[in-house]
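Please keep the sequence and the three-dimensional view at hand while reading.

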Amino acid sequence: MIKEIKAGELNTEKFIHEKVEMIRSAVGDGTAINALSGGVDSSVVTMLGHRALGDKLKTYFIQNGLMRESEPDRVRELFRKLEVPVEIIDASKEFLYALRGIKDPEEKREAITQTFYKDVFRRLVRESRAKHLLQGTILTDVDETVAGVKRQHNVFEQLGIDPQKEFGYRIIEPLIQLRKDGVRKVGSALGLPPELFDRIPFPGPALAARIIGEVTEERLETVRRATTIVENKLKDTGAFQYMAILHEDRVTGMVDGRREFGQQIEIRCWDSLDARTATPTQLPFEMLTGLAAEIIRQIPGVVSVTYNITSKPPSTIEAV
Ligand code: XMP
């Protein structure tokens, strides 16, 4: 049973001190690796890990081909300013290959999990001779996986999987007692710039969580472009999270006076505290129609844009 630390009860200085000690004693005189995705959780873990281990922690950014536009360089640059060196590893071909032909959401997550942990991390661990992987699992990830809502890609022990046996390295999870609001407080206390700890959450399976049906390079490009538009237009709304989702079903539309059986993008924008429950943000209608117009203008082949008005539950925040 993991003991939750609620954001309201969190003493960030004490938490940071305890976790730094915990990481140091777990790693001992060995080394550890850490995969930074630029999301809130992995950014906070990176700072915590560097405070604990300094040069004994090697931080990688895995380019899995599922990332948002310009993400690897942006993240590396932000961390360079914090004096944390980040090495970009291009593994996009491996991930796309593992995902080919898969439509089922849980199978997709599993393919990504296996590629990360069995292929990429295992290789990095072997090459760097590290024995530990530091990662930013939070309590919501564990809850949802155990409850069978979604298999979060980073949860093992609670499913009876021993990473040491399965993958050949140990996993250290310093944020596992926290939820997103607590993680943000720790990020702020660690001196992360707001553009890192105040970012909207982004899922581990990245844009693959936003594609219904098969993940292909072309479909990734469509959802990536829509994501850029939605994130730019909604960044000042104060919403908890917002996203573009590419549907599998096609619908009839009209382009240049001709019938086109085109693609559909769904926009979601959520108000939430900790992602356990959420309600759709009441965005001004002109903002929504403006978004639709921009998506249609910039992404050929899209003929329909919808807005999700369902709460979580029964909806979930991501579509996959
Ligand atoms: P759902 O879609 O389950 O999402 O309502 C709850 C929160 O978790 C994020 N999310 C993930 N984060 N790995 C992650 O690290 C995942 O597999 C994953 N799936 C969902 C989601 O963006 C939301 O903030």
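Which residue has a side-chain N or O atom 3.0 Å from a nitrogen atom of the ligand? That residue is Gln152. The model is a predicted one, in which local features need pLDDT of at least 70 and side-chain atom pairs count only at pLDDT 80 or more, while totals for chains, interfaces and linings use all residues. Residues are numbered from 1 along each chain as its sequence is written, and side-chain values use heavy atoms, with hydrogens and water left out.

The side chain of His153 places an N or O atom 3.4 Å from a ligand nitrogen. Gly204 takes part through a backbone N or O atom, at 3.3 Å from a nitrogen of the ligand. The ligand alone exposes 490 Å², of which the protein buries 94% (accessible areas by the Shrake-Rupley method with a 1.4 Å probe; for residues, only the protein chains shown count as cover). Around the ligand are 15 residues, and the closest are Arg109, Glu144, Lys150, Lys312 and Glu318 (a residue counts as near if one of its heavy atoms lies within 4 Å).

On a 1 Å grid over the protein atoms alone, a cavity is a set of points where a 1.4 Å probe fits but cannot get out, whereas a pocket is an open set with protein on both sides within 12 Å along at least five of seven lines; lining residues have an atom within 4 Å of a point. Grid points are joined across faces, edges and corners, and a volume is the space filled by probe spheres set on the points.

The count comes to one cavity of 30 Å³ or more, and the largest cavity has a volume of about 770 Å³. It is lined by 42 residues, of which Asp41, His153, Phe202, Pro203 and Gly204 are the closest to its centre. Elements giving two or more residues to this lining are β1 (32-35), α2 (40-53), α5 (105-128), β4 (132-134) and α6 (139-146); helices (H or I, at least four residues) and strands (E, at least two) are DSSP runs numbered from the N terminus.

The largest pocket has a volume of about 390 Å³. Among its 14 lining residues, Arg68, Arg74, Arg199, Glu231 and Asn232 are the closest to the centre. Why does the largest pocket lie between domain 1 (7-197) and domain 2 (211-307)? It does so because both domains give residues to its lining, the bounds coming from an automatic or database domain assignment. The largest share of this lining, three residues, comes from α10.

The second largest pocket has a volume of about 240 Å³. Its lining includes Ile2, Phe156 and Arg170, and α7 (163-167) and β5 (170-172) each give two or more residues.

The peptide bond from Lys312 to Pro313 is cis, with omega near -15°, and another cis bond joins Pro313 and Pro314, with omega about 5°. Pro313 is in the segment after β10 (302-307). Glu83, although not a glycine, has a positive phi of about 65°; this residue is in the loop between α3 (71-81) and β3 (86-90).

Definitions and conventions. A polar contact is a pair of N or O atoms within 3.5 Å; within protein, one must be able to donate a hydrogen and the other to accept it, and residues adjacent in sequence count only if both atoms are side-chain atoms.
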